[in-house]
Amino acid sequence: MTTISAPTGAAHARILGVGSYRPSRVVPNAELVEAIDSSDEWIRTRSGIVERRWATPEETVQMMSVAAARSAMERAGVEPAEIDCVLVATVSHMRQTPAIATSIAAELGTDHPAAFDISAACAGFCHGISMASDFIRGGSARHVLVIGVERLSDLTNLHDRGTAFIFADGAGAVVVGPSETPGIGPVVWGSEGERAELITQNVDWLTWGTAAEKGLPYLAMDGNPVFRWASFAMAKIGQEALDRAGITADQLDCFVPHQANMRIIDALARSMKLPESVKIARDIAEMGNTSAASIPLALDRMIAEGRATSGETALFIAFGAGLVYAAQVIVVP
Ligand SMILES: CC(C)(COP(=O)(O)OP(=O)(O)OC[C@H]1O[C@@H](n2cnc3c(N)ncnc32)[C@H](O)[C@@H]1OP(=O)(O)O)[C@@H](O)C(=O)NCCC(=O)NCCS
């Protein structure tokens, strides 16, 4: 029998550099409250959101991705030609096909890498981190660019009380590459498809094709069950990610959860009994919920502000439409 060569990869993988892009237009709560009969105070108390960023027409999914990716590559010290794979986590690329990853890869000047999109909603970036780590350790790629990007303002119904103040825009990116020591812990991920209707596009594209007069499809969410699920079930997932990485909460330096609601962030930290010493990302106050972009945006900010430093450990937990989730411990680049 003929045998074929098996792929061989690096011993370990780690994040080499982070970059992000924040859209220029700041949208305070005051701008949204009238259409949803709400108040700045209600939004702040219930969600922790003070303002968010919405992209201008020029700040496209492609443009924001390229800006975040260039910054990540520069900080990683990795040239575009060294990127073997581009993964883009997004739900707001408006074409069914092709994936936006290919045109982003081309604009970045990469050398024809594998490039495709990940559809795992707010957890897409953490899915990408896990895939990148496995590709590098399995020998399929040496450097992987993982981008989380959204323009959720395009998919938001400004008259929907449950979502109008939540969703926002932005991009974050990392370069993942080979490492001599472990830099990305085992992923804990999964799905609960029986609860798919809790967060969903209000109408599928096929139906929308014959109902164009009703306006663009938008994201619809049954917020309270999602809130309860995220606050309780995700703490167990986070704990499992710590356990599988072989560290305790005392050994954790930073907590960078998906930025969905400040009360969810606080509930997770409480349930997981994170000590006071753990630095917690709270980017949601200024950025709202940017879905797949929220974790790299928040991590980049913590690094820029000197709150997260190279070599520290950070726990990612992401969850969202599907329902889907993914968590892992990483080492800060
Ligand atoms: C949306 C969310 C902030 C709402 O907070 P909540 O505490 O669950 O609030 P509820 O939906 O139970 O509503 C509580 C009350 O506020 C009212 N309310 C709802 N939206 C409101 C708004 N925008 N402004 C003012 N009042 C509002 C409701 O009518 C209800 O009033 P009632 O008590 O008189 O019936 C919260 O559910 C949430 O953050 N969910 C998860 C969001 C999320 O993370 N989604 C993405 C996952 S990736």
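**Note on the salt bridges**

1. A search of the whole structure turns up 12 salt bridges. The term covers a side-chain nitrogen of Lys or Arg within 4 Å of a carboxyl oxygen of Asp or Glu. Keep in mind that this is a predicted model, where local features need pLDDT of at least 70, side-chain atom pairs count only at pLDDT 80 or more, and totals for chains, interfaces and linings use all residues. Residues are numbered from 1 along each chain as its sequence is written, and side-chain values use heavy atoms, leaving out hydrogens and water.

2. Take Arg301 and Asp283, whose side chains meet in a salt bridge at 2.6 Å, N to O. This pair links distant parts of the chain, 18 residues apart: Arg301 sits in helix H9 (residues 294–304), and Asp283 in the loop between strand E12 (279–280) and helix H8 (284–287). Helices (H or I, at least four residues) and strands (E, at least two) are DSSP runs, numbered from the N terminus.

3. How buried or exposed are these two? Asp283 is buried, with a relative accessible area of 3%, while Arg301 is partly exposed at 24%. The cut-offs are under 20% relative accessible area for buried, over 50% for exposed, and partly exposed in between (1.4 Å probe, protein chains only).

4. Asp154 and Arg151 form another salt bridge, with the closest N and O atoms 2.8 Å apart. Arg151 counts as buried at 12% relative accessibility, and Asp154 as partly exposed at 27%.

5. Glu192 and Arg195 pair up too, at 3.8 Å, N to O. Arg195 is partly exposed, with 28% relative accessibility.
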